[in-house]
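Open the model in your viewer and keep the selection tool at hand. The tour goes stop by stop, with something to pick at each one.

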Amino acid sequence: MKAPFAKFSPFQVDPDKIMETFGIEDGDFSKASDNEKESMVEMHKSISYWKDAWRRFRSNTVSMVALFVFLVCLFFAFIGPYLIPYNYADQYRTSQKLGPFEYSEDEQTARLAEGVGDGFFATALRPGSITALDPGEYYLKSGRTSYVFTLDTLTENVIIVLDKNSAEPLKLYTEDAVKKGAWDNYTVLPCTNTPSENAVRLTLTKKVFPHVFGTDSSGRDLMARTMYGARVSIIIGVVAALIVLVIGSLYGSISGLAGGPVDFVMMRIVELIYSIPEVLIVLLLQVVLKDPLQAWFQAHSETSAFVRAMSDLGAGIVSIFITFAVLYWVTMARIIRGQVLMLKKQEYVTAATALGASNGRIITKHLLPNCIGPLVITTCLQIPSAIFLESFLSFLGLGVSAPMASLGSLCSDALQTITLYPYRLVFPAIVLTIIVLTLNLVGDGLRDALDPRLKK
Amino acid sequence: MEENKTLLKIEDLKVSFFTPAGEVKAVDGISYTLGYNEVMGIVGESGSGKSVEAYSVIGLLQNPGKVIGGSIEFEGEDLLAFTPEQMRQFRGNKVSMIFQNPMTCLNPVYTIGDQLTEVLNCHDNDISKKEAKERAIEMLKLVGINNPEKRMKQYPHELSGGMRQRAMIAMALICSPKLLIADEPTTALDVTIQAQILELMKDLQKKENTSIIFITHNLGVVAEICDRVSVMYAGRIVEQGKVNDIFYNPQHPYTQKLLASIPRLDEETTERLVPIEGTPIDLLNPPQGCNFGPRCSECMKICLRKKPPFAEVGDGHISACWLHFKDMIDKKEAEKDE
Amino acid sequence: MASYILKRVAGSILILLLIMVVTFFLMNAVPGSPFLTEKSTPEQIANANAKYGLDKPLYIQLWNYIRNYLKGDLGVSLKMQEGTPVKDIIFHQGKFLLSIKLGLYALLLAIIVGIPLGCLAAYFRGSWLDGALRVITTVGVAIPGFVLAALLLIAFSVKLNIFPTKSGNLPDFKSYVLPVVSLSSYYTCYIAKLMRTSMLDAINQDYIRTARAKGVKTGGIILKHALRNSLIPVITYLGPVTAGIITGSFVIESTFSIPGLGKYFVQCVTSRDYPVIMATTVVLSALVIVMMLVVDIVYKIVDPRITLTAKED
């Protein structure tokens, strides 16, 4: 269509003035080339779904921080136990009921050696104050600090350690005296800080790692137990969520895809399970499954690696898994069914069907990729709920059994002595809360990042 | 329809959305006036800023949208200086609005009657329940809903789409506003219903003496109902004029393309429909020159450098394109040569 | 409406029957007998089994349960309070009432506090108040009830000595505070979060824009137009809340030494007191099912689009 410019009735304006007012240059009214036109338009780069999702997730500060903290928790739970010298099950008889960063006397004396480096001299004392000493460990106290040392060889004279920079006399004790706790009743041995010919090099004892969270009544290190408990809780959460994912998404997608009477019956079953107060059944299941599971473990653990792995986890945990497999998949099934039903109605699916695409192709190419968002989100949010359930059961004395620990069982144990040792509850409770909190926040972030409805 | 006085006067209105990605100039300096009893059509593709402009008139702009310049005068009063409470009393009373999707625009949990009488209660504290109800029933009758007493007690989901839009219109007109803003009121409806609703609006406009700003992307609807038309592209008005001028004598290349892209039934034609090439510009980074430049087949060098001013191309017919100025200069030069 | 309720009640009874059957088989799936102790001789066990009818085939035992329940007879306790009728244990010893009171107050607290908090957060979205509420509610849904209970116990009962450490039979207001707060905290926070989301969702709906265009006052927009619509998801959540609060009461009752039904149930399960397990399961399930029915009816009242007779997904 050619522009009917002939009809144009101009302003009564001098064209030269127009040129001036708008600063029009010669040649401005010549046609622009396509290249010039294109250079004016900034085209959007198209980004893939996952890249876009990741970009949105990354821009969500709260979720990123939560993800980082959760990774720290994972490190704490899975790498942590290899970094500390204590084991979740070992009982240190002399280290019972210690508070955070407290040491038993044994450890205290052992720890004293930490401050002593190699640059110490041992000098001979005045002969006659103490006779021969056997090789072994000895403890020294100077003012408020104490040292321990080992004698390598039988010595005639008593050896004493001196700080290079301090002229203060040190006290010398034998091992027995220290164990009796009779520090001050022992002989004070004055000495000089002049290195003598008889000086003997001293070997120092091992370093002692602090009980950061304290110990429990049986002398088990609580940090080791908390790490272990966090690991157990996380494993339970993840496995349970995966079980829910598999069963729920299979059930939901079959129901949604099949439609008709199959869908009707399957959904009535879901509704039925929905209206059963699950925890009552869970409690019963826990008790019921315990013995048969143990029997099963014993019968098959020789032959099957799977059963052996299960029996390592213990009957309590395995029955939690079974519980999830039996009762907790309904939410996931509902979500996936809803998603499938919605997607089935989408035009592109109809178009694919009209083009003769097979069911398998429609499922793998159209339905699954579009279900992944809700799948990931629901699974992620299922983990904390599984951790909650486990801690709840452990709290009631079901779930894991000692010496195994989970965050829930640690909290439950701590509750017995809450008035005396409140910190025993505080540490596992904080770890539990942080794990659940960060998972929730990561899940929320994922939802915001993956939900295409929010895409703008 | 003679426009004797100015009802609404918009001058150099600028509305921006402040998004995390940057400032989006949704409306970038538009001006027009609207007389009493006049129906103005605002046409443009989606994202051209036509709804945003209307929302700023009725004070419904939501964060992050903000009027950043210009003025809106309604019967001589500066709307932008109104307090929120003044604005609230103004809305629904002197200016009201109907929206695109009648399916979602009525609150699903209240009856039609509730929602109709609510408008009256909001603007007239003294009105009695009975009066309000009578007025609502009267309005429902007026918009052609039969059995209005029964409809009053029904919920929106019990009504058909066309019926709901009628109820929306009744709701908008119940306080006899001077100006009705209709934001794509027929787009979501079936074609037959569309025609009915348009007919109804035309009727009511005459009966109630209401001015209408009719926002649509459908040029056929514009031809049906409007007195004057503004064509918007990327936040600016590109051409404005009487409906006949716009349809039969379009001046701006965008308007021409727009008209060429719709099927005409009134003319015997063998011409193919011509789509407008390219995509609308990114309002986050608007071009330096004419917004339509990059898509325009007539594009000149100046078009990429500078935004074109308006040229008066007819009686009340203006168009913003450098081509007019080029013509002007060419003509002048031709005269000189002679 | 009436026919719908009738249908639902019939369905509920069916579900209860099913729960009875499941519970029965679960109870009996544990090998051995409830009377098996270290001292007991096989004869004693056999006698006890015969006395309580546990020697009969399973289907007869199950039938007896169902028949007696239909008659309103819940049987007698086998172990915990041997010989006492279960009905007395649950209803007359105050256990049921205690749990109901605790649960009801927790539910009310969650609703009364959670909904306004959610509305406030949504209305002042982006403000410091919204931020603060978001932190509180997010942390709130990450702390298990029993942990919170224990922490409150340390802070307010042990250290500050404001509330009693053992709430017992809930004699006064003070004894209610900690159990109710720790039982409802998760749900209060969850409802507040849910309310905020659905309120924001409602505020962005077209009908809110219509209401604004009509010139409705801000208060009217929030309280009339947005609130009722945004309550719908919260109401659907109340069914699971009831179940959750009953569950939560199990641990809260043992933390605060409240002799309620929840605590008793856990003891029964571990000591395998069959009739009490059965009765408690049925009573608590009935409670949840009744609550779900109530929720559905309230749902219908709030949302006229729901037709109770033809329920669609």
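Predicted model: local features only at pLDDT ≥ 70, side-chain atom pairs only at ≥ 80, totals over all residues.

Select helix α3 (residues 49–59) and helix α17 (residues 423–450) of chain A, which pack with their axes 8 Å apart. The angle between α3(A) and α17(A) is about 135 degrees. Are they parallel, perpendicular or oblique to each other? Angles over 145 degrees would count as roughly antiparallel, and 65 to 115 as roughly perpendicular. The pair α3(A) and α17(A) is therefore oblique. Now look at the handedness: the crossing of α3(A) past α17(A) is right-handed.

Next, show the residues where these helices touch. On α3(A), pick A:Ala53, A:Arg56 and A:Phe57. Facing them on α17(A) are A:Gly445, A:Leu446, A:Asp448, A:Ala449 and A:Leu450. Colour this contact by class and you get 5 nonpolar, 1 polar and 2 charged residues.

Move to chain B and select B:Glu75. Find it in the loop between β4 (65–74) and β5 (77–78) of chain B. Check its backbone: B:Glu75 is not a glycine, yet its phi is positive, at about 50 degrees. Is B:Glu75 buried, exposed or partly exposed? B:Glu75 has 14 C-beta neighbours inside 10 Å, so it counts as partly exposed.

Stay in chain B and go to B:Ser176. This residue sits in the loop between α7 (161–173) and β7 (179–183) of chain B. B:Ser176 also has a positive phi, near 50 degrees, and is a residue other than glycine.

Now select chain C. Colour domain 1 (2–92) and domain 2 (95–259) of chain C separately. Taken over C-alpha atoms, the centres of domain 1 and domain 2 of chain C are 36 Å apart.

For the last stop, show chain C together with chain A. How many residues of chain C are in contact with chain A? There are 37 on chain C, and they meet 31 residues of chain A. Highlight the elements of chain C that give two or more residues to this side: α1 (2–29), α6 (128–140), α7 (145–159), α10 (218–255), α11 (261–271) and α12 (274–302). Then colour the side of chain C that touches chain A by class. It divides into 30 nonpolar and 7 polar residues, with no charged ones.

Conventions:
Residues numbered from 1 in each chain as written. Chains lettered and ligands numbered in written order. Contact = placed C-beta atoms within 7 Å. Helix = DSSP H or I, 4+ residues; strand = E, 2+ residues; numbered from the N terminus. Nonpolar A, V, L, I, M, F, W, Y, C, P; charged D, E, K, R; others polar. Domains from an automatic or database assignment. Axes fitted to C-alpha atoms, helices over the stretch in contact; angles between N-to-C directions. Parallel < 35°, antiparallel > 145°, perpendicular 65-115°, else oblique. Left-handed = near helix turned anticlockwise from the far one by under 90°. Buried ≥ 20, exposed ≤ 12 C-beta atoms within 10 Å, placed from the backbone.
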